[in-house]
Amino acid sequence: MTSPLLRATSISKSYGRRRVLDQVELELYPGTLVGIVGENGAGKSTLLRILAGDLRPDSGAVQITGALGYCPQAVVLNEALTVDQHLDYFRAAYQAPDLQVASGLIERLGYTKYRRTPASALSGGIRQKLNLTISLMHDPTVLLLDEPYQGFDWETYLRFWELAADLRQRGRATLVISHLLFDQERFDTIYHLANGRLQVTKSASHAAAPAHV
Amino acid sequence: MFDQLRAALRYTLLEIARNRLAAGLLIIFVPLWYYLLGALIGNAPVAFKYGLSNRFLQVDGHNLTLITTGLNTVTLIMAFLFFASTRGSAAFDQRLVRSGYRQATLMLAKASALIVASAVIATYALGVMMVAWRPRGLFLIWLSFFLAGLIYGALGLLLGALLRSELAGFFIIIMVSLFDTLFQNPLDNPAANQDALKALPSYAPTQVGVAGGFTSLFPGRELLLSLAWFAVLIALGLAIFWLRTRSWNASARRSAARVAPVAPAA
């Protein structure tokens, strides 16, 4: 069997006395799309932030093979910089040679005409698109998405699923967390996060099969 | 490394240049403050305790006020700029670090941007001051504005990394800058010239400015004291910035990426 691109072992995290994550185990394999659902406050964002390295768990370890892409729920941009300046800044961060992938994403998500617009003047939907583009522009092997399609219009929502299917086809591992997962048939595995633990609600039997779009 | 430094320096400076509050303060507040305080204070001589020679100088009260007014405006604007920039970009900086930016590079870029901004604002404040007064030691007065800008820019950065409340930050900056710079002027504060004032951050830059405006002495000790203030404040600010932006598994991930940089195909 192929080895996982992300392996989280025994992740626990408490806020004060409240135990949010209790010995969570998670593996993401190449070519899979995995979803995690849970109530508000169940610890989904905490888990994702630990996987991304923003937050240190009380115990446990996260191993990631290759590059990581993380799209936070709150749009994290610099208001003074234009779309193109964001891309140049993050190209330097990822140490990528060019902006080929980013340009392709901008075209696919349909916001090419805003490339010279400062973030402060962008609409909520375009900001969300730029947020997603930044997390994908270095073609990561593991992609973590926190409520990724909030604020998307219908057209962009469909484009998003095209992108997700494309990543899956190219052997990337994608994890989506949301309080509501629509289109459950698009996921290979779906977990439910409750009482600090992950429970499988949809099995990973067809993990490496091509996506149905 | 060089590419990251280039981008970080460029965009930090760009962000600062687009700060409308600071631009407004530069265009309106600096000339207005010079004009108001300059008009209020006459040219009568005033005794100023000059630390380098430890004696009292008789200086022109109006011109001394121009120096302390310049210091007040430079310190306020620099502190505002770096408080707003550091606080506003906290989450963004963390995202950059998580995406592979070296923290040391971001820190170096912030410190360099602070030096550049202070040099530009000091030059502007000196230029506006020269409409009213052309002192002999122009360079030392510029240096006094520049050093005060460094110290207060670093204070702004420290507060921006430390505080979550915008109001608290602005309040602290206004109070500290106003009292610190006014206390140094015996016309505004009858208790000026006392040794206790030496412990305030604008003491040394004020002395450098007075040396330039009214003496032919070189204030080496005050220059070093100013740089020490800057060094301590910037070190504290960057240390907190480092703690706030670090990614707990970034180094583990970097080494993993080195081992297996190419993703397995489906």
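Which residue in E8(A) does Ile36(A) stand opposite? In this predicted model, the residue that Ile36(A) faces in E8(A) is Tyr191(A), and the legends below begin with the strand that holds Ile36(A).

**View 1. Strand E3 of chain A, residues 32-37, is mostly covered.** Six of the six residues of E3(A) are buried. Thr32(A), Val34(A) and Ile36(A) point one way from the strand, while Leu33(A), Gly35(A) and Val37(A) point the other way, and the residues of both sets are all buried. In a regular strand, side chains alternate between the two faces of the sheet.

**View 2. Strand E3 of chain A pairs with strand E7 and with strand E8.** With E7(A), which covers residues 173-178, the pairing of E3(A) is parallel and extends over six bridges. With E8(A), which covers residues 189-194, E3(A) also runs parallel, and here four bridges join the two strands.

**View 3. Helix H6 of chain B, residues 138-162, is largely enclosed by the rest of the structure.** This description follows from burial, because 22 of the 25 residues of H6(B) are buried. The length of the helix can be checked as well: at 1.5 Å a residue, the 25 residues of H6(B) should span 36 Å, and the C-alpha atoms at its ends are 36 Å apart, which agrees.

**View 4. Helices H5 and H9 of chain B cross at roughly 145°.** The axes of H5(B), residues 103-129, and H9(B), residues 220-245, come within 11 Å, and H5(B) passes H9(B) in a right-handed crossing. The contact is made by Gln103(B), Met107(B) and Ala111(B) on the side of H5(B), and by Ile234(B), Leu238(B), Phe241(B), Trp242(B) and Thr245(B) on the side of H9(B). By class, this contact of H5(B) with H9(B) has six nonpolar and two polar residues, and no charged residues.

Technical notes: Residues are numbered from 1 along each chain as its sequence is written. Chains are lettered from A and ligands numbered from 1 in the order in which they are written. This is a predicted model: local features need pLDDT of at least 70, side-chain atom pairs count only at pLDDT 80 or more; totals for chains, interfaces and linings use all residues. A residue is buried if 20 or more other C-beta atoms lie within 10 Å of its own, exposed if 12 or fewer, and partly exposed in between; C-beta atoms are placed from the backbone. Two strands pair if DSSP finds at least two bridges between them. The expected span of a helix is 1.5 Å times one less than its number of residues. Axes are lines fitted to C-alpha atoms, for helices over the stretch in contact, and angles run from 0 to 180 degrees between N-to-C directions. A crossing is left-handed if the near helix is turned anticlockwise from the far one by less than a right angle, and right-handed if clockwise. Two residues are in contact if their C-beta atoms, placed from the backbone, lie within 7 Å. Ala, Val, Leu, Ile, Met, Phe, Trp, Tyr, Cys and Pro count as nonpolar, Asp, Glu, Lys and Arg as charged, and the others, Gly among them, as polar.
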